[in-house]
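Please look at the sequence and the structure shown below. The paragraphs that follow lead through the structure step by step.

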Amino acid sequence: MALFAATAYTFGLPPFTKRGDIEAADACPTLGDASRAAVALTAVVPDRSSYSFDDNLPDPRRDSTDSSYLSACFVYGDGEQLVLVEAEMTEYDRMADWVTEVVEQRASASSLTPFRAGDEAVASPRVAAVYLPCTSRGLRRHLSVVVHLKQPGDADGTVLRAHLIALAKNAAVFAHRKARCDRGQ
């Protein structure tokens, strides 16, 4: 039995599966600074033997007349979706409507607390979201950046929230630049 346990441990077989690494080079470009993203993701996701990323930028804003932008980064662990990070150009008359219609679809209103970023920003141990200004001409469009942790790791809620906020801010900086925003963050 001891020989079996030693062999299982050596080869990373269950229950001794080794945690895979989240490398900055593998992270979605839409997450912004790759090193920061890798650190934050490592802190929030559960242990898996491997991680993979799927980055989508199906609707980049091409110029100042374009009023749309959409990106999504999917983070997987052993083939299971763990995190979804979305950035979308949108417009709400009231920021409270954005929270209700976008953020509260992923987390309860009672779990959300504000943090400083953009025009509005809220987070919980499962979601962090930023609503930031983007365009100044015509419609005053905003970017909605939402990080949704679908499968949390073992960290406590305070740690999860802090790292999700870091991911949201990081992705917001990237989206603001990539969407060619002309209004401040």
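**A walk through the predicted model**

Strand β7 is where S144 is placed. The structure is a predicted model. Is S144 buried or exposed? Its relative accessibility is 5%, and a residue counts as buried under 20%, so S144 is buried. Its side chain makes a polar contact of 2.8 Å with the side chain of W98. When neighbours within four places in sequence are left aside, the residues in contact with S144 are E86, A87, E88, T90, W98, V102, V130 and Y131.

Together with Y92, the residues W98 and Y131 make up one aromatic cluster. How many aromatic pairs does a search of the whole structure find? The search finds 3. A pair of aromatic rings is described by how far apart the centres are and by the angle of the planes. For F74 and Y76, the ring centres are 6.5 Å apart and the planes stand at 25°; the pair is therefore stacked, since planes under 30 degrees apart count as stacked. Y76 has a relative accessibility of 21%, so this residue counts as partly exposed.

The nonpolar cores come next. The largest of them has 42 residues, and those with the most contacts inside this core are L31, L41, F53, Y69, V83 and L143. At least two residues of this core come from each of α2 (34-44), β1 (51-59), β2 (70-77), β3 (80-90), β5 (120-123), β6 (127-133), β7 (142-149) and α4 (157-178). Helix α4 supplies the largest share, 9 residues. To return to L31, its contacts beyond neighbours within four places in sequence are A37, L41, F53, C73, V85, N170 and A171.

Strand β4, residues 113-114, pairs with β5 in the antiparallel sense over 2 bridges. Within this pairing, P114 stands opposite V122 of β5. The two strands β4 and β5 form a hairpin with 5 residues between them. In its turn, G118 has a positive phi of about 55°. Strands β5 and β6 also run antiparallel, joined by 4 bridges.

Conventions:
Residues are numbered from 1 along each chain as its sequence is written. This is a predicted model: local features need pLDDT of at least 70, side-chain atom pairs count only at pLDDT 80 or more; totals for chains, interfaces and linings use all residues. Side-chain values use heavy atoms; hydrogens and water are left out. A nonpolar core is a set of buried Ala, Val, Leu, Ile, Met, Phe, Trp, Tyr and Cys residues joined through side-chain atoms within 4.5 Å. Buried means under 20% relative accessible area, exposed over 50%, partly exposed in between (1.4 Å probe, protein chains only). Contact means heavy atoms within 4.5 Å. Rings of Phe, Tyr and Trp (its six-membered ring) pair if their centres lie within 6.5 Å; planes under 30 degrees apart count as stacked, over 60 as edge-to-face and the rest as tilted. Two strands pair if DSSP finds at least two bridges between them. A polar contact is a pair of N or O atoms within 3.5 Å; within protein, one must be able to donate a hydrogen and the other to accept it, and residues adjacent in sequence count only if both atoms are side-chain atoms.
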